[in-house]
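Reader: I am new to reading protein models. Can we go through this one step by step?

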Amino acid sequence: MRRVLALAALLLLGGCAGWQTPLDPAGEQARHIYSFLELILWVCGFFYLLVLAFLGWGLWRARRRSAEGPEIAPADRGLDRALIVWSALIVVGLTVLTLGAFFVDRALANAQARETLTVRVTGQQWWWRIRYRDPATGRWIETANELHLPLGKTTRIELGSADVIHSLWIPNLAGKTDVIPGHPNAFDVTPRAPGWYRGQCAEFCGAQHAHMALWVKVEPPAAFARWLAGQARSAASPADPEQARGMKLVTQGPCAACHTLRGTPADGRPGPDLTHLASRRSLAAGTLPMTRGALQGWIARPQAVKPGTLMPAVSLSPTDLDAVAAYLAALQ
Amino acid sequence: MSPPAPFPDASRSQRLAAAWADPPGLWGFLTTVDHKRIAARYIVTTLLLLFLAGMVALDMRLQLIQPDMKRMGPQMYDEAFSLHGSTMLFLVSVPVMEAMALWLVPLMLGQRNVAFPRLAAFSYWLYLGGVLMLWVPHALGITPDIGWFEYPPLSGPAYGPGHRADIWAQMITFTEVAALAASVNIVATILKLRPPGMTLARMPLFVWAQLIASIMTILAMPAIMLVTSMLIADRMISTHFFSPSGGGDVLLFQHLFWFFGHPEVYIIFLPATGFVSAIVATFARRPVFGQVPMVLSMLAVGLFGFGLWVHHMYAVGLPRLGNDFYTAASMAIALPVGIQIFCWTATIWSGRPRFQTPMLWVIGFILTFVIGGLSGVMTGAAPLDLQLTDTYFVVAHLHYVLIGGAIFPLLGAFCYWYPKATGRMMSERWGVVAFVLIVGGFNLGFFPMHILGLEGMPRRIYTYGPEMGWGTLNLIATLGSAMAVAGGLVMVANGLLSLRFGERAGADPWDAPTLEWACESPPPCYNFEYTPVVEDLVPLWREGDLPVMDGMSLDSRELLVTSAVEGIPEYRQNSVGPSIWPLVAALAVAAMFIGSIFTAWAVVIGAVPIGIALTIWFWPTRQPATSGPFASRGR
């Protein structure tokens with residue numbers, strides 16, 4: 001079945017990327033749901049074929065009957081029996097599916113007993129704030145729009161909203177869960193295949209709902225621990241005078257009103273933490289690849305890249321912009 | 001079978017016409033209480049909006065045809081999908097079904113008007129107010145931009161400044177009051193104005209469908225009126241129903257919205273099953289197989305329809321066991337709908353079918369709607385829905401259900417009753433062309449969306465990057481949609497040209513079994529010269545002339561009231577004549593609704609003109625009754 005689906009996908013789509021689809025599950029939860037999808041496709045396909053066959057047969061019979069006048073009281077004994085059989089078949093099919101759904105739901109809930117790590121994800125217009133607990137110090141480590149998960153471990157993702165309703169959907173790993181102000185939600189993921197996956201906001205949340213994505217990296221536990229330790233460190237010091245000038249502009253200029261760079265005076269809260277900005281795969285919640293050019297373009301004209309974004313354009317001279325981009329691009 | 005004319009009497013029709021005719025000209029247009037004129041207005045308005053909202057949809061499809069298109073920015077796209085969804089659900093799908101009922105039910109019951117003719121006029125004027133409420137601001141550049149569902153906090157005072165959200169909320173109030181008025185009218189007409197002999201068991205399936213849908217409307221609509229009023233209160237007078245920081249709950253909105261929103265699907269779908277049943281019986285040339293299972297199925301749908309709203313909310317984090325309960329309930333509704341599909345197919349299988357355009361639409365309906373029903377089973381299963389909800393899979397599903405399940409039967413119904421309404425036949429050849437283009441284009445356009453959803457494409461995004469790999473399928477989807485729109489234009493052209501060039505139809509061109517085919521085409525203002533008497537489900541297929549009864553006044557407007565279950569004549573009821581006051585009352589209500597966007601005091605001050613208009617409207621002008629239950633109180 002999986003092969004059939006994959007083949008159909010290939011034929012129809014001309015190449016799906018594969019990192020944002022429930023059809024290529026890479027986590028336990030997504031696998032459970034995928035196997036249920038297979039079951040339900042078989043059952044529904046069977047019923048659709050039955051309807052097609054019955055209707056087709058009826059149309060075939062019609063060829064030689066259509067000339068006659070109306071029949072007011074037809075004898076329908078056989079059809080009465082067929083209706084009972086049909087209803088019984090539907091009941092059996094629905095019972096199988098209801099039970100299947102119940103067991104899958106239970107499997108999704110059971111992962112709770114195996115949680116080894118908690119990550120807090122906060123949805124904001126239009127990006128994701130992500131916080132890990134530092135295993136060494138117990139302090140929160142903050143990043144944005146990039147989630148790292150240890151392979152084979154069950155992680156609890158706690159969801160909160162800073163403004164309106166969002167929905168966190170990482171289809172290769174799990175189904176979506178809404179991010180609702182006033183309603184703390186959580187779900188479990190148990191990734192089973194390393195790699196990069198993409199998630200996206202699934203609940204309409206305003207102008208830039210289309211550009212509210214995040215990348216997820218699933219990596220072996222040791223690599224994950226190294227990454228987390230790296231994220232726990234303060235922002236890298238500037239390596240040359242241009243970067244130093246950039247640092248001054250960022251940490252003492254308007255950027256610091258919204259952004260935090262740990263280890264510097266910049267401690268603004270409304271925007272994403274930039275301490276290790278350059279270590280991330282993408283920029284502006286999955287909108288641009290993380291390159292120095294993209295960074296420079298984004299800072300110069302955020303409204304052109306993401307119309308309506310809450311990030312204002314800051315007027316910087318070209319040389320200042322170069323310095324800022326040079327500094328930020330070095331924040332590994 | 002020819003229309004009944006047992007006692008040819010030329011003066012009879014003249015006297016009836018004198019009693020039932022509208023005043024001429026514009027005054028007649030504004031004051032009419034003829035259910036056919038009101039319903040025709042309703043239908044023409046909904047069709048115009050279907051076209052406009054369809055064009056908005058095509059515009060969105062052009063924006064999505066390839067990655068990174070710059071045709072629309074996010075603001076314009078958000079306005080487009082909000083306008084499209086709000087129009088299609090509130091201003092097209094529900095009203096058009098009610099309009100079909102207003103037009104057809106009295107004819108199917110052999111009556112001369114609906115139970116509350118002025119209420120029908122009031123309903124249309126208010127509905128028109130709702131239409132103008134949404135589209136006039138759109139023309140002025142103030143379009144709601146947060147979807148047809150307007151979830152807070154996005155629609156609340158903090159995130160939805162200006163009046164866009166208020167316009168949406170009051171558009172709802174307009175249309176829901178109009179829908180309630182129409183539904184009450186339909187229920188009363190069906191229960192008390194059936195022809196002698198039409199027991200509930202002899203009632204056509206179409207009338208059953210409209211009865212159940214109307215009762216559902218009466219039960220479901222208050223929830224949405226409540227929730228939009230609470231939203232307006234939050235926005236205007238700082239209540240905190242939906243603000244988490246003030247102790248409110250955003251999920252309350254979703255519960256109330258979907259407590260209306262899910263039954264709404266069946267309020268749209270049930271009348272469509274009524275069209276299908278009527279068409280299938282006529283063209284398979286036998287009564288629909290399984291009248292009793294069909295009626296029970298519709299009742300079950302009406303009942304279950306209120307017990308599954310939570311399946312729109314599986315991802316909001318409700319208790320899992322609750323989700324499983326609603327999964328089972330959502331699955332259960334597939335049984336009655338499956339039984340209906342079986343009964344129609346069995347009717348075709350065992351009948352003597354002819355394949356004119358109305359029947360083609362039924363076949364298109366079965367092939368398309370069953371896919372929508374099965375994808376509904378998929379989205380109804382809680383764990384799977386966590387992957388499907390808010391993706392293009394749901395976009396595909398809901399269009400398969402609403403277009404395949406409701407619009408296809410509606411188009412079939414237009415083809416079927418067109419000769420009755422106009423006295424002319426539509427072109428069969430162009431009807432087939434339109435059918436092929438619409439059904440083919442629709443399936444080509446919307447089937448790929450299932451796959452797009454499974455490939456991770458979320459709903460309501462104004463653009464996507466080329467790296468997502470969604471371009472090809474979106475291109476196909478846009479081409480298919482364009483093809484369906486072309487088919488729609490062919491169909492409209494066919495309808496307009498046939499008005500002039502179509503063959504004359506006669507009273508009963510399809511040799512159909514139900515009463516509406518017994519009166520002339522188009523029906524005169526009084527509908528029937530004599531009141532038909534019904535002895536079974538297919539009165540016009542009986543040998544010999546249709547039995548009729550006489551004794552209703554020829555010189556004043558009277559309706560025959562019968563008992564609710566057995567259809568036994570009880571008394572003659574005076575029926576009201578033309579009046580300007582429904583329009584005046586609707587204007588007064590409109591002034592209050594529009595004013596309440598700007599100040600809460602409008603509700604208080606606006607009540608005065610409404611009270612005056614209603615007082616004059618209901619001022620008794622009739623003589624005391626001399627027969628019927630109120631006779632004893634007369635002199």
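Author: Start with a term: two residues are in contact when they have heavy atoms within 4.5 Å. One caution: this is a predicted model.

Reader: How many residues of domain 1 of chain B are in contact with domain 2 of chain B?

Author: Chain B is divided into domain 1 (35-505) and domain 2 (583-622). Domain 2 of chain B brings 13 residues to the contact. From domain 1 of chain B, the number is 16.

Reader: How many salt bridges does the rule find across the interface of domain 1 and domain 2 of chain B?

Author: A salt bridge needs a side-chain nitrogen of Lys or Arg within 4 Å of a carboxyl oxygen of Asp or Glu. Across this interface of chain B, the count is 0.

Reader: Are the planes of B:Phe206 and B:Trp417 stacked, edge-to-face or tilted?

Author: The ring centres of B:Phe206 and B:Trp417 are 5.7 Å apart, and their planes stand at 55°. Stacked needs under 30 degrees and edge-to-face over 60.

Reader: How many residues apart are B:Phe206 and B:Trp417?

Author: B:Phe206 lies in helix 7 (residues 205-236) of chain B. B:Trp417 lies in helix 14 (residues 392-422) of chain B. The pair links distant parts of the chain, and the separation is 211 residues.

How values were computed
Residues are numbered from 1 along each chain as its sequence is written. Chains are lettered from A and ligands numbered from 1 in the order in which they are written. This is a predicted model: local features need pLDDT of at least 70, side-chain atom pairs count only at pLDDT 80 or more; totals for chains, interfaces and linings use all residues. Side-chain values use heavy atoms; hydrogens and water are left out. Rings of Phe, Tyr and Trp (its six-membered ring) pair if their centres lie within 6.5 Å; planes under 30 degrees apart count as stacked, over 60 as edge-to-face and the rest as tilted. Helices (H or I, at least four residues) and strands (E, at least two) are DSSP runs, numbered from the N terminus. Domain bounds come from an automatic or database domain assignment.
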